[in-house]
Amino acid sequence: MPVIALAGGAGSPGVTTTALALLLSWPLEPERRVVLAECDPDGGSVLYGLLQGSLGDRYGLKNLSVAARKGELTEAFWRQLVDMTEDGKAAQAAGGRLLLPGLTDPAQAAALAPAWEQLADLLAGIERHATYPHDVLIDLGRSGAFGPSGVLAQRADLLVMVARSTMRSIQSVQMRIEALQERVGEIGLLLVDEGPYSPGEVQRLLKTPVLATLPYRPSLARVLSDGAEQPSRFARSELMRAVQGATTPLRQRAALRRARLAPRGGPVPGGGEVRAGAW
């Protein structure tokens, strides 16, 4: 049951697009599910991007603020999920690929102050509240790894920074990695191959392992980011095949960190305190 948080730097590194691609590509064993929680405090983009407003704003993270104040967040959480199982089309059901849509307005983040800690507890220990085992993906956007929502990064088994292989993106993510390592330990990288720098060069510069490289394919990415028309065989496209391949190192790295943390101080990241720099 890995809990993997994704974050990025300045600009548009592709965090949400990558998170959605992972959700739709995640390998599911029988009676196993995966949840993507869109937790960017600057506002989510899935409801009016991929889903093109088809659900309005009836579902999502914003509806957890009142529930958190009443101590009812866990019950409310399951009611806010939408099923993305069938080719990225949403339905109100409990299928294998579930999405918690994000905020529709950054101003809504202030009301979530009491919810972040409770949501982090729920996602990190989701097996205690579910009939089936769930893997968890968390989209923290550009700023969600910091501030009150940063507890989601701290409680995750693995924090992954999404960056493009350009000087601007690398410089931006470098500052964030340096600021986060003390709190969350070693961080992984997913590299979008847009610029001139190779994975090896980026890894040496940032002193951070590149777990996978994704091709830069804007027309395919727009299917996920903006709900553009899906080409035939999209699921077997170069982008989606690369994302599917990335799920293996992500799962392995998350499992390794969880196992390494377990003997130190008792609870694993899903059940208690995470010690900084444990890798």
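Contact here means heavy atoms within 4.5 Å. By that criterion, Leu 159 touches Ala 5, Ala 7, Leu 140, Ala 153, Leu 180, Val 184, Ile 187 and Gly 188, residues up to four places away in sequence being left out. The model is a predicted one, in which local features need pLDDT of at least 70 and side-chain atom pairs count only at pLDDT 80 or more, while totals for chains, interfaces and linings use all residues. Residues are numbered from 1 along each chain as its sequence is written, and side-chain values use heavy atoms, without hydrogens and water.

Leu 159 also belongs to the largest nonpolar core, which has 48 residues; Phe 77, Leu 119, Ile 138, Leu 140 and Leu 152 join Leu 159 as those with the most contacts inside this core. A nonpolar core is a set of buried Ala, Val, Leu, Ile, Met, Phe, Trp, Tyr and Cys residues joined through side-chain atoms within 4.5 Å, where buried means under 20% relative accessible area (1.4 Å probe, protein chains only). Another core, of 39 residues, lies apart from the largest one and includes Ala 21, Met 84, Val 192 and Leu 224. In soluble globular proteins, nonpolar side chains tend to be buried together.

For the protein as a whole, buried residues make up 52% of the 279 residues. Among contacts between residues at least 6 apart in sequence, 70% join residues at least 24 apart. The C-alpha trace spans about 50 × 50 × 40 Å along its principal axes.

Conventions
Buried means under 20% relative accessible area, exposed over 50%, partly exposed in between (1.4 Å probe, protein chains only).
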